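Please look through the model below before reading on, and keep its sequence at hand. The paragraphs after it are meant to be read with the structure in view.

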Amino acid sequence: MPIRDTIIAKLTEAFAPTHLEVIDESERHHGHAGWREGGETHFRVRLATHKFAGKPRVAQHRAVMTTLKEELDTRVHALAIEVLPPDGPFDRPAGPAQGLN
């Protein structure tokens, strides 16, 4: 199964998102550390879920990282995380500094 599909399945099961995008950004990092032929090394996750209500950004990001620990320990070199409001809008960036951790 492609890593992208695994990420989608795990995040869906763990967080019941109202919105989820998993974007393979590997080609943007061609030749950089961690890049491999065939991609699936650098991802951006845009996630909206009610399960993050009241949790600080660090806790939200830790929850995603814990859920994807196996993938991060093996094949995924980098993961950018954007946590969006659970009721949208989903068509714009989540806010300052999102996706940098």
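Predicted model: local features only at pLDDT ≥ 70, side-chain atom pairs only at ≥ 80, totals over all residues.

Residues are numbered from 1 along each chain as its sequence is written, and side-chain values use heavy atoms, with hydrogens and water left out.

The chain has three helices and three strands, which follow one another from the N terminus in the order α-β-β-α-α-β; helices (H or I, at least four residues) and strands (E, at least two) are DSSP runs, numbered from the N terminus. Of its 101 residues, 37% count as buried, where buried means under 20% relative accessible area, exposed means over 50%, and partly exposed lies in between (1.4 Å probe, protein chains only). The accessible surface of the chain comes to about 5,800 Å², and 54% of that surface belongs to carbon and sulfur atoms; such areas come from the Shrake-Rupley method with a 1.4 Å probe, and for residues only the protein chains shown count as cover. If one takes the contacts (heavy atoms within 4.5 Å) between residues at least 6 apart in sequence, 60% of them join residues at least 24 apart.

In soluble globular proteins, nonpolar side chains tend to be buried together. Leu-84 and Ala-48 lie 4.7 Å apart in space, C-alpha to C-alpha, although 36 residues apart in sequence.

How many aromatic pairs does a search of the whole structure find? The search finds one, formed by Phe-15 and Phe-52, with 5.0 Å from centre to centre and 55° between the planes, so that it is classed as tilted. By the criteria used, rings of Phe, Tyr and Trp (its six-membered ring) pair if their centres lie within 6.5 Å, and planes under 30 degrees apart count as stacked, over 60 as edge-to-face and the rest as tilted. Because Phe-15 lies in helix H1 and Phe-52 in the loop between S2 and H2, the pair ties together parts that are 37 residues apart in sequence. Phe-15 is buried at a relative accessible area of 7%, and Phe-52 counts as buried at 4%.

Is Gln-60 buried or exposed? With a relative accessible area of 11%, Gln-60 is buried. Its side chain reaches the backbone oxygen of Phe-52 at 3.5 Å, and, not counting residues up to four places away in sequence, Gln-60 touches Phe-52, Lys-55 and Val-83.

The structure holds eight salt bridges, each being a side-chain nitrogen of Lys or Arg within 4 Å of a carboxyl oxygen of Asp or Glu. One of them joins Glu-70 and Lys-10, whose closest N and O atoms are 3.8 Å apart. This pair links distant parts of the chain, with Glu-70 in helix H3 (residues 69-74) and Lys-10 in helix H1 (residues 3-15), 60 residues apart. Glu-70 is exposed, with a relative accessible area of 53%, whereas Lys-10 is partly exposed, at 26%.

A salt bridge between Arg-44 and Glu-25 has its closest N and O atoms 2.8 Å apart. Arg-44 lies in strand S2 (residues 42-48) and Glu-25 in the loop between strand S1 (19-24) and S2, so the pair ties together parts that are 19 residues apart in sequence. Both Arg-44 and Glu-25 are buried.

Within helix H3, Asp-73 and Lys-69 are four residues apart, which means that about one helical turn separates them. They too form a salt bridge, with the closest N and O atoms 2.4 Å apart. Asp-73 is exposed, with a relative accessible area of 52%, and Lys-69 counts as partly exposed at 48%. Elsewhere, salt bridges that share partners join Glu-21, Glu-25, Arg-44, Arg-46 and Glu-82 into one network.

Key: Polar contact = N/O pair within 3.5 Å; in protein donor to acceptor, adjacent residues only side chain to side chain.
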